[in-house]
Amino acid sequence: MPKDEINNLALRRELFFPSAEIYSSALAGFWEFGPVGQAVRRRLVDLWRKELVEKEGMVEIDGAQILPEDVFKASGHLSNFNDPIVQCKKCHSLSRADKLIAEKIDDIVPESLATAELDSMIKKHKVSCPKCGGKNFDKVKKFNMMMGLDIGATGDQKAYLRPETCQSIFLDFRRLYKNHRGDLPLGVAQAGKSFRNEIAPRNTLLRQREFGQMEVEIFFDQDKIDEVPLFEEVKDYKLNLWPDGAKGTKGISCSEAAKKKTVSGKFIAYYLARVQQFYEKLGIPVKKMRFRGLDKDEKAFYARETWDFEVETDLGWIELMACNYRTDYDLAGHAKQSKQDLSVNEGGKKFVPHIFELSAGIDRAFYVVLDLAFRKEKRGKEERIYLMLPPKIAPFLCGVFPLVKKDGLLEKAREIFNELNEYSFDVVFDEKGSIGKRYARIDEIGVPYAITIDYDTMKDNTVTLRDRDSMEQKRVKVEELAELLWKLQSEKEKF
Ligand code: GAP
């Protein structure tokens, strides 16, 4: 969907909007989620928790967002977490050098290229300044994206806002492993905020300075990279792998990918399958997905193998998750800096576990889900806008509407609303305006069902249940409502 449509809907229905917007000093790259946006975002994280954390037997933590300087010395972020920037000599505006060139040549330009190489590409492709059109730039420089803080009354304790949620998972590993009943693998997850001083935040939620991540770090024994007890469940499942340099693939089964060494082992193939299945549950069609294998220039400094999970939208391919084989890079780095032993001893073998990481952006997934769910239809002279969100991530499962407020209908509707709440369904009550307007209001924010209490309800204890997508309606007995809603929500039954 064109991004203006999404942005208009977002502002109209308070899905998301700029932070500190009443001030002219509001900062770029910071966004707020309104009541509806927050509800969808929370459900999206809940679905991730269910599918990729709990079902996989992993544990979840909630770590601090501010960590001491030592952590980022060890992680390599203070020396390596840099973006190449370039300044226009005419208007002095700053831009990301790799992005400017990529836009000009319509191809991917690795941010890790040497600055001299980026300088010569700018000249060769006659790149111009996006602000003033000028073609003269200063030399490309590396800019560190960490956001620093001085902690304590004297400000002498240097610390940083975390640029990725996973660092506390590495720091907590020894404690978590001690309480883990059994051998590796051990999966630890965390959802929360990360912070990066992006030079050019843009496309609303897609490149922010403060953003949500939901990350999973799986600690394993590298000698057991082909030992996965549940591999049978995914062995024939096809992954949309685009190995580095490849322009497309027909889909390759997990067992083929592991056998042909397209991925390093069954362990990697298994989790990539779970990732693809998770995004399918968010309503993203498989044909719009790919895992793009990154080459050595594109990979992050800590990764041996990276598969970026990307989705095709009107804005091009958008990266939602980085699947990184981080080896023992992190634990070995923290062990060295902290002078602590972070190795394990299993079966008489002492080793530092390797890590496979599934690092997802919450807000990017949120944006892409909205983009793919957006529908605009002409119905005669009327225009209908609705979001075809899967019931599990819709802001509410259904609306409850009394047809009129008199003759006991309002009270009966409240009774049904309260009962559905008792069953823990997320329901919204609305008694204002015409019934058509009430339907339109919830359609626009993606609520899949509406229950209307009318005069027949008072006679035979039935209600009208309406489906958002088809707009079909049927009569349902009040005593059967909760079970039917549960089946519809869990997609065990179609409307
Ligand atoms: N721990 C690994 C890591 O953070 P990453 O590729 O830098 O890897 C992972 O980030 C995901 O976080 C991305 O795939 C994207 O969805 C999200 N993300 C990264 N930077 C972002 C930004 N500036 N704004 C919004 N989301 C971002």
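Here are some questions and answers on how a few features of this predicted model are described.

Me: What makes H7 and H10 roughly perpendicular?
Reply: The axes of helix H7 (residues 167-179) and helix H10 (residues 329-338) come within 10 Å and cross at roughly 65 degrees. The range 65 to 115 degrees counts as roughly perpendicular, so H7 is placed in that class relative to H10. The crossing of these two helices, H7 and H10, is right-handed.

Me: And why are H2 and H11 called roughly perpendicular?
Reply: Helix H2 (residues 35-54) packs against helix H11 (residues 362-373) at an angle of about 110 degrees, and their axes are 10 Å apart. Angles from 65 to 115 degrees carry that label, and H2 and H11 are therefore roughly perpendicular to each other. H2 crosses H11 in a right-handed way.

Me: What about Leu206 and Ser359?
Reply: For Leu206, a polar backbone atom is 3.4 Å from a nitrogen atom of the ligand. In Ser359 a polar side-chain atom takes part, 3.5 Å from an oxygen atom of the ligand. As for cover, the ligand taken alone exposes 550 Å², and the protein buries 93% of that.

Me: Which residues come nearest to the ligand, and which strand gives the most to the shell around it?
Reply: Of the 22 residues around the ligand, the nearest are Glu164, Arg196, Gln208, Glu215 and Glu319. Strand E17 gives the most to the shell, with six residues. E17 (316-327), E11 (210-220) and E20 (354-361) each supply at least two.

Me: How is the shell around the ligand divided by class?
Reply: The shell has nine charged, eight nonpolar and five polar residues. Asp, Glu, Lys and Arg count as charged, so Glu164, one of the nearest residues, belongs to the charged class.

Me: What is the omega of the peptide bond that joins Leu184 and Pro185, and where is Pro185 found?
Reply: Omega is about 10 degrees, and the bond between Leu184 and Pro185 is cis. Pro185 is in the loop between H7 and strand E10 (186-195).

Me: What is the phi of Ala20, and where does Ala20 lie?
Reply: Ala20 has a positive phi of about 55 degrees although it is not a glycine. Ala20 lies in the loop between strand E1 (16-18) and strand E2 (31-33).

Key:
Residues are numbered from 1 along each chain as its sequence is written. This is a predicted model: local features need pLDDT of at least 70, side-chain atom pairs count only at pLDDT 80 or more; totals for chains, interfaces and linings use all residues. Side-chain values use heavy atoms; hydrogens and water are left out. A residue is near a molecule or strand if one of its heavy atoms lies within 4 Å of it. A polar contact is a pair of N or O atoms within 3.5 Å; within protein, one must be able to donate a hydrogen and the other to accept it, and residues adjacent in sequence count only if both atoms are side-chain atoms. Accessible areas come from the Shrake-Rupley method with a 1.4 Å probe; for residues, only the protein chains shown count as cover. Helices (H or I, at least four residues) and strands (E, at least two) are DSSP runs, numbered from the N terminus. Axes are lines fitted to C-alpha atoms, for helices over the stretch in contact, and angles run from 0 to 180 degrees between N-to-C directions. Angles under 35 degrees count as roughly parallel, over 145 as roughly antiparallel, 65 to 115 as roughly perpendicular and the rest as oblique. A crossing is left-handed if the near helix is turned anticlockwise from the far one by less than a right angle, and right-handed if clockwise.
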